[in-house]
Amino acid sequence: MSESVELDSVDWRILEELQNDATLPNRALADRVGLAPSSCLQRVRRLREQGVITGSHIDVDPAATGLALEAVVAVNVRPHTRPIVDQFREFVMAQPETRSLLHVSGQADFLLHVAVADTKHLQEFLVDRLAARTEVRNFTSSIVLEQLHTRALTPPKNLRPKRRRRT
């Protein structure tokens, strides 16, 4: 896990803007956050160097690609040891249906988010591939009816920095 980095109010504004649109040109970003383009570029570079910004991505609508059915699968593996966890993680992340995988505490060991074409495709994935794994003790699947996204990670108001750091 990364160490926490001290962020001021301008850093948070930069992060919010880039999380909402990672393709935003530096000049437009600088205008939105009230900085000179050179200062904005310097801050973005610092945020990358510090590991706050870890990458950029685009969102793809699974339905537009023919993968209209999404499901969340709660999976238990046994024994729950590092080698088994690592093998399972590697297997799941190699599957084209996998959108994300969470290793969690609680009743399930993993939460797996998949996108498939239809219920037949989901059944094939669950029965023929997932259940065939010797480490999979059990699983339950839930069809995603609606998915809402928060676009930007933002601190709660009581934790939001009030002022700008002097650079």
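Which residues in α2 meet which residues in α3? Before selecting them, note that this is a predicted model, in which local features need pLDDT of at least 70, side-chain atom pairs count only at pLDDT 80 or more, and totals for chains, interfaces and linings use all residues. Residues are numbered from 1 along each chain as its sequence is written, and side-chain values use heavy atoms, with hydrogens and water left out.

**First stop: α2 and α3**

Select helix α2, residues 26-33, and then α3, residues 37-49; helices here are DSSP runs of H or I with at least four residues, strands are runs of E with at least two, and both are numbered from the N terminus. On the α2 side, Asn26, Arg27, Leu29, Ala30 and Val33 make the contact, and they meet Pro37, Cys40, Leu41 and Val44 of α3, where contact means heavy atoms within 4.5 Å. The residues of this contact divide into 7 nonpolar, 1 polar and 1 charged (nonpolar covers Ala, Val, Leu, Ile, Met, Phe, Trp, Tyr, Cys and Pro, charged covers Asp, Glu, Lys and Arg, and the others, Gly among them, are polar).

The two helices pack at an angle of about 100 degrees with their axes 9 Å apart, the axes being lines fitted to C-alpha atoms over the stretch in contact, with angles from 0 to 180 degrees between N-to-C directions. They are therefore roughly perpendicular to each other, a term used for angles of 65 to 115 degrees.

Now colour Leu29, Ala30 and Val33, the buried residues of α2, while Arg27 and Asp31, on the other side, are exposed; buried means under 20% relative accessible area and exposed over 50%, with a 1.4 Å probe and protein chains only. Just after α2, look for Gly34, which takes a positive phi of about 75 degrees.

Move on to strand β3, residues 110-116, and pick out Leu112, which counts as buried because its relative accessibility is 0%. Leaving aside neighbours within four places in sequence, the contacts of Leu112 include Val72, Val92 and Phe125.

Technical notes:
Angles under 35 degrees count as roughly parallel, over 145 as roughly antiparallel, 65 to 115 as roughly perpendicular and the rest as oblique.
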